[in-house]
Amino acid sequence: MTATAQQQQQEAAAPGGRRSARSRRSRKGPVILNALAGLVLASGAIWIQSMAVSPDDMDLPLTYVGDKGEEVDAGRFSVKVEGVDSARTIRLTRDELVRTDLLFLVVNLSATSKREPLRFQEPYLLTPDGLRFKATDKVGNILTLSNKYVQPGMRSGGSWVFEVPASALQGSSIIVQAPTSALYAEPLIPEVEIDLGIDEALAKQLGSAPKDLYSLEAK
């Protein structure tokens, strides 16, 4: 992989505009930015200041946090990370292979929607220190979960593939955001952040012994 290609895969080499994955996992459920509720006593009456979102935060998503193997419900949709794998080479078709000098991290997921068919935006991988990696462009969307319409009440399975250095594996999480929708008037777009469960031992295993070949070929 060339330096230019690596730069394209790594979006935002420094943290910015988003808290780190570690701080965002402080609790399960929605992470609501700048929430403030207080009791104010004035003239013998109790006034309750409702939750407020600053104008700067209106462009940020509403994040629901969970772990690998857990169904993470974001209201409009839910996502579950079924497992992760690593490889040096990906088979796209019987005659087409793609390779990397780094690692392909394959994240296998399942998802369902609540009220309408939806198709997810491109996800990204988030490291504990705030680095973000786009899904690799070496694997076309037609072979990933981005190509599927997730149907209400039905589970759709698929994968996303990231091209990363081994140093990005430990503690990483995947961010999946819903597309905008005419059926939902949401001030904040929902997204899920799922910890991939890659501890030190698993990171060493994935980094030192990736599969020689991982097939995404349509069955």
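**Entry 1**

I looked up Ile194 to begin with, and it counts as buried because its relative accessibility is 0%. Buried means under 20% relative accessible area, exposed means over 50%, and partly exposed lies in between (1.4 Å probe, protein chains only). I note that this is a predicted model, where local features need pLDDT of at least 70, side-chain atom pairs count only at pLDDT 80 or more, and totals for chains, interfaces and linings use all residues. Residues are numbered from 1 along each chain as its sequence is written, and side-chain values use heavy atoms, with hydrogens and water left out.

Ile194 sits in strand β13. Helices (H or I, at least four residues) and strands (E, at least two) are DSSP runs, numbered from the N terminus.

What is Ile194 in contact with, leaving aside its neighbours within four places in sequence? I found Gly66, Asp67, Lys68, Val72, Val79, Val81, Ser173 and Ile174. Contact here means heavy atoms within 4.5 Å. I also checked Asp67 by its C-alpha atom: it is 5.1 Å from that of Ile194, although 127 residues separate the two along the chain.

Next I went along β13 and found six of its six residues buried. Pro190, Val192 and Ile194 point one way, while Glu191, Glu193 and Asp195 point the other way.

Which strands pair with β13? I found β5, running parallel to β13 and joined to it by six bridges, and β12, antiparallel to β13 over five bridges. Two strands pair if DSSP finds at least two bridges between them.

**Entry 1: the nonpolar cores**

I turned to the largest nonpolar core, which has 37 residues. A nonpolar core is a set of buried Ala, Val, Leu, Ile, Met, Phe, Trp, Tyr and Cys residues joined through side-chain atoms within 4.5 Å.

The largest share, five residues, comes from β8.

I followed up Leu105: beyond its neighbours within four places in sequence, its contacts include Val84, Leu125, Trp160, Phe162, Leu196 and Leu206. I also noted a second, separate core of ten residues, with Ala87, Ile90, Val98 and Val106 among them.

**Entry 2: charged pairs**

How many salt bridges does a search of the whole structure find? It finds seven. A salt bridge is a side-chain nitrogen of Lys or Arg within 4 Å of a carboxyl oxygen of Asp or Glu.

I looked at Lys114 and Asp73, whose side chains meet at 3.1 Å, N to O. Lys114 lies in the loop between β8 and β9 (124-126) and Asp73 in strand β6 (residues 72-73), so this pair ties together parts 41 residues apart in sequence. Lys114 is partly exposed at 41% relative accessibility, and Asp73 is partly exposed at 39%.

Then I checked Glu116 and Arg76, a salt bridge with its closest N and O atoms 3.7 Å apart. Both Glu116 and Arg76 are buried.

Arg94 and Asp95 are both exposed.
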